[in-house]
Amino acid sequence: MADYPANLKYTKEHEWTRTEGKKVVVGITFHAQEELGDVVYVELPKLGSSVTAGTPFGVIESTKAVSELFAPVSGKVVKVNDALTGSPETVNKEPYGAGWLIEVEPSDPKQVDQLLDAAAYQKLIQDKK
Amino acid sequence: MPRQTPLYDAHRRLGARMVDFAGWEMPVQYKSVVSEHEAVRTAAGLFDVSHMGEVEFTGPGALEAANRLLSNDLARCADGQAIYSGLLNERGGFIDDVVAYRFSPERIFICVNASNREKDFRWMSERTSGTKPINRSDDYAQLALQGPKAAAILQRKTAADLSALKTYRFTEAEVASVACILSRTGYTGEDGFELYCAPGEAETLWFALLEEGKGEGLVPAGLGARDSLRTEMKFALYGNDIDEEHTPFEAGLGWTVKMDKGDFTGRAALEKQKTEGVRRKLVGFELLESGVPRHGYRILKDAAAVGVVTSGTLGPSVKKPIGMGYVPSELASEGSTFAVEVRGRPVAAKVVKTPFWKKQ
């Protein structure tokens with residue numbers, strides 16, 4: 001299903017990751033942005049800071065709710081999507097494209113393998129419904 | 001189990017996302033909060049507000065009985081006129097904020113908040129002798145049709161002359177062959193109407209209006225848009241911005257208090273507060289840096305907590321982070337600055353003129 005691309009890995013907290021060489025791009029899933037509703041504010045970590053797998057690295061706010069963002073992998077933040085400051089709604093429009101959040105250089109590249117594949121993630125959100 | 005309005009099935013069919021609000025399963029959005037908000041500002045939106053309660057006083061002495069409980073003055077209204085009013089406790093704090101409809105001196109109809117239905121009815125019953133209030137909450141569904149296109153859409157479904165119905169006036173009329181109390185009131189800052197009808201006919205009315213307004217951009221709108229629309233107007237939400245601990249003078253709602261109308265519950269306390277002056281006031285502010293103010297965030301001045309945010313959002317029409325909150329009176333004038341604590345970080349804020357949104 002196009003809503004959950006097969007080339008991505010997913011977390012139980014509804015983030016996705018895409019491995020690009022030695023870097024891992026992180027965003028939130030189609031399901032996550034749909035649940036949140038209109039995203040109005042995104043708070044992301046500073047360039048060069050460290051994130052730890054399973055712990056919050058930022059905050060995303062919709063018109064109604066404040067939610068934490070959880071790091072899928074541990075590592076150093078090497079890119080931050082600053083464009084979201086001016087247009088946070090991009091997260092809703094293109095959750096897997098221009099709505100990406102951060103890029104991480106993982107301290108342990110194998111960590112990604114422990115994340116869910118598209119089928120497992122879809123099962124997770126189906127079971128929730 | 002949360003309660004459901006007569007329109008529950010309609011919401012499900014329209015693909016609404018449902019949430020629990022004050023013990024009711026209500027639509028928070030159909031498509032998106034922002035698109036529904038914008039539809040109300042530019043075209044029209046239809047809200048289900050059937051969770052609201054209704055209390056009626058009827059018979060000789062109805063006006064006097066209701067008026068003794070309200071801070072505003074029904075005696076000054078004409079028949080067919082409605083007023084926004086506080087229903088206050090002895091300390092002058094809000095038991096609720098209500099809209100009271102004067103059909104005649106012998107029939108007063110009061111719309112109360114969903115969260116306060118039982119409390120208000122009990123409060124009013126315990127404080128009236130002779131003319132007792134009747135709880136009509138289960139006898140009415142309520143729809144709110146709001147937006148600049150609302151009048152044109154509604155006019156095609158009713159024989160009542162809407163051009164003759166001014167703001168805060170109401171009449172009884174058929175809309176799409178459904179008997180309604182039709183009132184030119186709302187909670188959005190736009191022109192609009194609230195329609196009270198029998199629960200069994202709510203769905204007929206709902207779909208008739210949606211169908212009629214489709215071509216003009218009318219959409220069903222949820223509680224999410226209702227909240228952002230009212231926040232942009234600095235309209236108080238009971239339980240957020242006003243409660244039993246805050247008086248109309250503190251909330252900037254002094255205009256709903258008529259001290260010269262004779263005695264009413266809370267009057268003595270308000271008299272005292274008026275003499276002594278209020279120590280805190282509900283202000284509207286905007287953040288000067290990025291962030292979104294939320295209910296419960298602390299307001300800081302020189303690193304000391306001096307107040308609390310009661311409502312806040314990123315205003316979809318004003319396109320700014322806006323909010324309201326109680327601050328010491330000396331910080332309440334336009335242009336005063338303070339900080340709002342957003343997740344441990346002080347964010348600069350400034351008191352601004354309200355409403356935040358001016359009708360276009």
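Predicted model: local features only at pLDDT ≥ 70, side-chain atom pairs only at ≥ 80, totals over all residues.
A residue is called buried here if 20 or more other C-beta atoms lie within 10 Å of its own, exposed if 12 or fewer, and partly exposed in between, with C-beta atoms placed from the backbone. Residues are numbered from 1 along each chain as its sequence is written, and chains are lettered from A and ligands numbered from 1 in the order in which they are written.

View 1. Helices (H or I, at least four residues) and strands (E, at least two) are DSSP runs, numbered from the N terminus. Seven of the 10 residues of H2(B) are buried, so this helix is largely enclosed by the rest of the structure. The buried positions are B:Val33, B:Val34, B:Glu36, B:His37, B:Ala39, B:Val40 and B:Arg41. They pack against strands S3 (24–29), S4 (44–48), S10 (141–146) and S14 (218–220) and against H7 of chain B, where a contact requires C-beta atoms, placed from the backbone, to lie within 7 Å.

**View 2. Domains 1 and 3 of chain B.** The domain assignment, whose bounds come from an automatic or database source, gives chain B domain 1 (3–47 + 140–232), domain 2 (53–137) and domain 3 (279–360). The C-alpha centres of domains 1 and 3 of chain B lie 30 Å apart, and their contact takes nine residues from domain 1 and 11 residues from domain 3. On the domain 1 side, helices H2 (33–42) and H7 (223–232) of chain B each supply at least two residues, and the largest share, four residues, comes from H2(B).

**View 3. The open sheet of chain A.** Six strands form an open sheet in the order S1-S2-S3-S9-S8-S5 (chain A), with antiparallel pairing, two strands being paired if DSSP finds at least two bridges between them. Strands S1 (9–10) and S5 (50–51) of chain A stand at the edges, each with a single partner strand, so one side of each is left without a neighbour in the sheet. S5(A) pairs with strand S8 (residues 75–80) of chain A in the antiparallel sense over two bridges, and A:Ser50 has A:Lys76 in S8(A) as its bridge partner.

**View 4. The contact between chains A and B.** The contact takes 10 residues from chain A and 14 residues from chain B. On the chain A side, strands S4 (39–43) and S6 (56–62) of chain A are the elements that give two or more residues. The model scores ipTM 0.85 and pTM 0.94.

Notes
Contact = placed C-beta atoms within 7 Å.
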